[in-house]
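Let's take a walk through this structure together, one feature at a time. Have the sequence and the 3D view open as you read.

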Amino acid sequence: MGKRKELKLEIHESGKTSKSQKLCGTNYPVCISFIVVNEFCERFSYYGMKAVLTLYFINYLHWNQNLSTAVYHAFSSLCYFTPILGALIADSWLGKFKTIVYLSVVYVLGHVVKSVGAIPSVGDSTIHIALSMMGLILIAFGTGGIKPCVAAFGGDQFDEEHTNERRKFFSIFYMSINAGSLLSTVITPILRGNVQCFGGDCYALAFGVPAILMVIALVVFISGSGMYKKSPPEGNVLLDVCRCLGLAIKNRWMSSKYDSKRKHWLDWAEEKYPKRLIHEIKMVLRVLVLFIPLPMFWALFDQQGSRWTLQATRMNMAFGSAFVLKPDQMQMLNALLILMFVPIFDVVVYPLIGLCRINLTPLKKMAVGMIFAALAFGAATLVEVNVMKTVVEPAPRGQCLLQVYNLADSDVKLSIPGSNLFSQPIKSYEDPQAYQHLELGGHNKTITVGINHNGHFHECGETFTEQKAYSLVLHSKTSGIVCQLATDNILKSEKMEAYLRFINTRSEAVNVTMAGVDFYIPADYGISPNKSVERNEYTSVRCTSGSQDFSINLGLLDSGASYTVILKGGSGDIIPQKMEDVKANNVHIAWQIPQYALMTAGEVMFSIPGIEFSYSQAPANMKSLLQAGWLLTVAFGNVIVLIVAEGAGLDQWMEFLLFAGLLVAVCIIFSIMAYFYTYVDLGELDKLFPDKTVNEDEDDLKKDQTDDTT
């Protein structure tokens, strides 16, 4: 997901004349195979861990959806802030090779700590949270730190004259990213859900396998050490740019009205910094200004692993009876579709647009990509609206939810003081009506419910608590109507399971065993607790009552539903009657495909042209600076989601609509900014500054800094 945004486009020359070993008579160095395998394993490690992260927060750490979303995007944001630190370390201190090795060790430690935190027997919930957060921080520093180094280090391995081979290497490198992402988002959810350990989903294994892949990535990368060209640290242009900006601001602030005027505020740094460097910084700043609206795109894009995954948990994941997809596997669609869309857009779409004499510049493509992303969230809104029809919304403060089971021998009619709820007669053994909102006027309240049965009036007093859901179970005895108040579970299972309980109308207790779950239902209208069971067809469920064994058919217990099964019959049989309290997930997961397709089309038209634009408009020694700026747009996009998830408090469909509207507004602003942008020809730099090369300017700058230090 977002693999293109990770591909560092700056191609550094190693400065070495030694020829490296080649692959099978080609101009490809042997050592790049180690780099490509390393990248495949590292991306498998990262995306495999991230695929199950949201469900880990909800099901293992027991956080709510908003907190889980916020922490997920805080982690994603940190992963895109730390590349700046990695670039500084590589360019100014250790060099790319040592930076990759040392930070990969940090990366592995993060995975190990994260995996240990997912073992239930290791401490309590506080320890699990502490280990999980520590592991994620280490992973963020590891993956972010090596992000700006690996692709550039691969580019360093090629001889200067082999530019075509270097370009093809970056395509292979990009394919390895997508291959790792695709396989990991398929495999790790299977390890999580299909393998049971410690009595539940095996998150320790789902995090442990990515840890092993990261160890393999590190070992493979170090194995090629003797073949690599290792450029020494050359100094970081970001520091030079910051110093130049600081000096210009300082001189401009301290200038008086008698000083000569400057055409641009950066010209106040001319006393110390070369004019060429100042001109290049001006070019970069013009591009960085265009980057300001871009985080909103990433705010939408990166929700595929959070909000869209949570949406999938409330949808029907079954493809027939043989195959059931897992909600965190839907993220693989992005990697799969991008492998399809990139050649389709390059070979078919763009040439067709060119035949229509439409000049589709990189900035125009980016604006269209934003529109596609907004449409994707429009599609997600429509899906969410239909998904919510199967959800029972919790009652607000001062109210509770109530439904009535009439297990008496004839119709009953209820009367509740101050309310006209259940005013119509309720037939015997009919499926209960939808939950009704009962006004309490406070935290809890005892209410006397009047019941009219066969011309006789009965009363029962029950205490209700706000924001809970209840079933009032009525059955008849010789003395009249008896009331039982049962607390209901209305939340859908995040594990794609069904909730089930039994009411036993028989005179003997019943034991039911199904899918490894045991239910004990007391006699005489006893009610079992709600328990979750796997989605399945249960045509032969074993029951025991007294000394007798029975088999009952419950049919399909579907994902997301809550069922109440009434057990009837005499001493020689058990007759089940299944009732649905909460509807099953009846919106099929295939309805998410349009939003993934639109979002992937948006990524192809936004991310790839965005990097192309940044590369073409950046001077050679400033490409790393613009790459850092590009990665920061991803980081700030995740910060936006974090703020909205924790602060907006909107229904999910309204939140989707809000993001879509914000992106359309940002797209309009970006289009206006792009309209007034003038593309630059980097060849003009040499015409403007013919006297000195870039390297000579940098040598002068280093000499000035040395003189200052002296």
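How many of the nine residues of strand β10 (residues 469-477) are buried? Seven of them are, so β10 is a mostly covered strand; buried here means under 20% relative accessible area, while exposed means over 50% and partly exposed covers what lies in between, with a 1.4 Å probe and protein chains only. Strands like this one are DSSP runs of E with at least two residues, helices are runs of H or I with at least four, and both are numbered from the N terminus.

Before going further, a word on what you're looking at: this is a predicted model, in which local features need pLDDT of at least 70, side-chain atom pairs count only at pLDDT 80 or more, and totals for chains, interfaces and linings use all residues. Residues are numbered from 1 along each chain as its sequence is written, and side-chain values use heavy atoms, with hydrogens and water left out.

Now back to β10 and its partners. Two strands pair if DSSP finds at least two bridges between them. With strand β5 (residues 399-406), β10 pairs in the parallel sense over six bridges, and there you'll find Leu 402 standing opposite Tyr 470 of β10. With strand β11 (residues 480-487), β10 pairs in the antiparallel sense, over eight bridges. Val 473 has Gln 484 in β11 as its bridge partner. To get from β10 to β11, the chain takes a hairpin of two residues. As a bit of background, side chains in a regular strand alternate between the two faces of the sheet.

Stay with Tyr 470 for a moment. It forms an aromatic pair with Phe 464, with the centres 5.4 Å apart and 85° between the planes, which makes the pair edge-to-face. The rule is that rings of Phe, Tyr and Trp (its six-membered ring) pair if their centres lie within 6.5 Å; planes under 30 degrees apart count as stacked, over 60 as edge-to-face and the rest as tilted. Tyr 470 counts as buried because its relative accessible area is 5%, and Phe 464 does so at 0%.

The angle about the S-S bond is -80°, and the link is left-handed. Cys 460 counts as buried because its relative accessibility is 11%, and Cys 483 is buried too, at 15%.

How many disulfides does a search of the whole structure find? It finds two. The other joins Cys 197 to Cys 202, S to S 2.0 Å. Here the angle about the S-S bond is 110° and the link is right-handed. Cys 197 and Cys 202 are both buried.

Next, look at the rings elsewhere. The structure holds 41 aromatic pairs. One of them is Phe 40 with Phe 44: their centres are 6.5 Å apart and their planes meet at 50°, so the pair is tilted. Because they are four residues apart in helix α1 (residues 32-51), about one helical turn separates them. Phe 40 is partly exposed at 24% relative accessibility, whereas Phe 44 is buried at 6%.

There's also an aromatic cluster made of Tyr 56, Phe 57, Tyr 60, Trp 63, Tyr 203 and Phe 207. Two of these names come back in the largest nonpolar core, which has 137 residues: Leu 53, Tyr 56, Phe 57 and Phe 75 touch the most other members. Such a core is a set of buried Ala, Val, Leu, Ile, Met, Phe, Trp, Tyr and Cys residues joined through side-chain atoms within 4.5 Å. Another core lies apart from it, with 23 residues, among them Val 510, Val 512, Cys 543 and Ile 574.

The charged end of Lys 531 is 5.5 Å from the ring centre of Phe 519, and Lys 578 lies over the face of Tyr 563 at 5.1 Å from the ring centre. For this, NZ of Lys or CZ of Arg must be within 6 Å of the ring centre and within 35 degrees of the ring normal.

Methods:
Disulfide = S-S within 2.5 Å.
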